[in-house]
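Please have the viewer open as you read.

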Amino acid sequence: MSDDQHLQTYVLRLADNALVLGQRLSEWVGHAPALEEEMATANVSLDLIGQAKSWLEYAAELRGGDDADRLAFHRDVLDFHNTLLVEQPNGDYAMTIARQFLFDAFHLPLLEQLAGSADPRVAEIAAKSAKEVGYHLRRSGEWMIRFGDGTDESRRRVIDAVERLWPFTGELFTGDAVDEAMLAAGVGADLAAVRERWSGHVDEVFAEAGLERPEDGWMQSGGKQGHHSEHLGYLLAEMQQLPRAYPDARW
Amino acid sequence: MYSQFVDTGSDRVLSSEELEGLERAFQERIDDEITIEPRDWMPEKYRETLVRQISQHAHSEIVGMLPEGNWITRAPNLRRKLILLAKVQDEAGHGLYLYSAAETLGVSREELIDALHAGKAKYSSIFNYPTPTWADIGCIGWLVDGAAIVNQIPLCRCSYGPYARAMVRVCKEESFHQRQGYEIMLDLCRGTDEQRRMAQDAFNRWWWPCLMMFGPADGASVHSQQSMAWKIKRHTNDDLRQRFIDQTVPQAEHLGLSIPDPDLKWNEEQGHYDYGEIDWNEFWQVLKGNGPCNRERLEARRNAYEDGAWVREAARVHAEKRARREREAA
């Protein structure tokens, strides 16, 4: 693969993480536990889908003759590059919050590094996104603490959520040829450094929440390479239904 | 109109001469266009009427998230998805302003929400209609928000200050939503045959329910007259409905949609459109709980609230623990 192709894949990964997580969050709209959470959930979802749009527009330019909507609505499972973590179902609110926290704590240091990318478009989109993700992380961290240090029930639920989601965190930091090439070109992030910041932040929030950090056991992976869980197909079927059913239509 | 039938507790409207003492002084302030604020004395029925109306309005914003929320995950492109998300987020915000406005009248948000979930409080009948196609999202923006704006602009001059001020903020966002809805319809109507069919079908289904949003005909509503005497309302239901029809028909024509009312025609003499008879039986049935989605809407809200109870409880308990620790550390 050439560096151009690596860059496309790299940008698509950033896009798909934001798109799939934004899509998941939007499933909560109208069903959140409080009015304030309706707003917050919609808000975070809106930020993420907005970020996905920026990344996809860039990816489309890199591919030439494509557009962001085509990339979002006409790629199938094998061509989606999001990590497995973000496609996990919402579950209860503890599961949604834990997924959000584990991702936000990765997303922020990643974007902050990318804000210094040698690729000006990557740097620009990352810098703008990092501001939003700073808020996301503060919010999801606060909820982790509320749940961990709340009632017996909230504690039980958040412990269960963390335990179920932990095996999907390894993939966030596992580099492959794409990551290596982009790092070497000064475009991509150093995942080891991102992991260090992620880890420090997780420890800090877990300590305040009174939660124990799970052991790093076997980690699931494959999403970045297009090998997904069974969940993604349904998510895409729902998301893509209209443009697929009416390929000639403009909306 | 998001509060289409509000009980004022009145059998008839008393004239100023029939009122005494505080009630009379209150009515004089109203007649002089002096805004009523939370600490001012007000008749109990005025207070109760406003609680009903503002809470119905708030509930409508919240229940109204559901028919549109139904399409967020399926919006046909990224731009539409972002706009719809932003819109539904605004609606939650409107719900919050309105519950706050209602709370200035001495009730709590929790009581009001409990009344909604118990089926004791109303919300706009319009949200009991389903959104089976994407064109329904266009119609909700264009027609439902359009009708809401016609109703809410005069509410910006409502005699109760906190409600009037909430409406000023709400109206700005609603006009934006309405334009977006119209834009969806425009794209559909200029699109493929299938898209035009979708647009016409949705329009046929939403037209009459939107006219019902303005509430019962004037002759049938003593409550309306009382609300007008108190300047909670500024115009009658039929006046507002007529205004909505007059502004909407040319928009429908511009879209190339036909209006599902054989009796609709321009009345040169009156300078208004004449329109056919509204199915008032359907209106009262939907208000009573027999609309196509009443059960689902209320169930969805109840489930969200019940499933979220442990979340709210965790937040409360954590806040207490934290406050206690801070006290002990001080």
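Let us begin with chain B: a compact globule of 330 residues would have a radius of gyration near 20 Å, and the 21 Å of chain B agrees with that. The radius is taken over C-alpha atoms, and the globule rule is 2.2 Å times the number of residues to the power 0.38.

A word on conventions: this is a predicted model, in which local features need pLDDT of at least 70 and side-chain atom pairs count only at pLDDT 80 or more, while totals for chains, interfaces and linings use all residues. Residues are numbered from 1 along each chain as its sequence is written, chains are lettered from A and ligands numbered from 1 in the order in which they are written, and side-chain values use heavy atoms, with hydrogens and water left out.

**The two chains**

Chain B holds 13 helices and two strands, whereas chain A has eleven helices and zero strands. These elements are DSSP runs numbered from the N terminus: helices are H or I with at least four residues, strands E with at least two. For chain A, a compact globule of 251 residues would have a radius of gyration near 18 Å, and the value of 18 Å agrees.

| Chain | C-alpha span along principal axes |
|---|---|
| Chain A | about 55 × 40 × 30 Å |
| Chain B | about 70 × 60 × 35 Å |

Of the 251 residues of chain A, 59% count as buried; of the 330 in chain B, 56% do. Here buried means under 20% relative accessible area, exposed over 50%, and partly exposed in between (1.4 Å probe, protein chains only). Among contacts (heavy atoms within 4.5 Å) between residues at least 6 apart in sequence, 80% in chain A join residues at least 24 apart, and in chain B 79% do.

**Where the chains meet**

How many residues of chain B are in contact with chain A? There are 48, and they meet 49 residues of chain A. The area buried between the chains is about 4100 Å², with carbon and sulfur atoms giving 69% of that area. Buried area is the accessible area (1.4 Å probe) that two parts lose on being put together, summed over both.

Five salt bridges are counted between chain B and chain A, each a side-chain nitrogen of Lys or Arg within 4 Å of a carboxyl oxygen of Asp or Glu. B:Lys321 and A:Asp149 form a salt bridge through their side chains, at 3.5 Å from N to O. On the chain B side, the elements that give two or more residues include helix 7 (161-189) and helix 13 (309-329). Helix 4 of chain B gives the most, with 14 residues.

**A buried glutamate**

A:Glu38 sits in helix 2 (residues 35-63) of chain A. Is this residue buried or exposed? At 2% relative accessibility, A:Glu38 counts as buried. A polar atom of its side chain lies 3.2 Å from the backbone nitrogen of A:His31. Leaving aside residues up to four places away in sequence, A:Glu38 touches residues of both chains, among them A:Trp28, B:Met65, B:Ala92 and B:Arg301.

**Two positive phi values**

B:Glu33 is not a glycine, yet its phi is positive, near 65 degrees. This residue is in the loop between helix 1 (21-31) and helix 2 (44-63) of chain B, and at 45% relative accessibility B:Glu33 counts as partly exposed. B:Lys231, also not a glycine, has a positive phi of about 55 degrees. The loop between helix 9 (222-229) and helix 10 (237-255) of chain B holds B:Lys231, which counts as buried at 17% relative accessibility.

Definitions and conventions
Polar contact = N/O pair within 3.5 Å; in protein donor to acceptor, adjacent residues only side chain to side chain.
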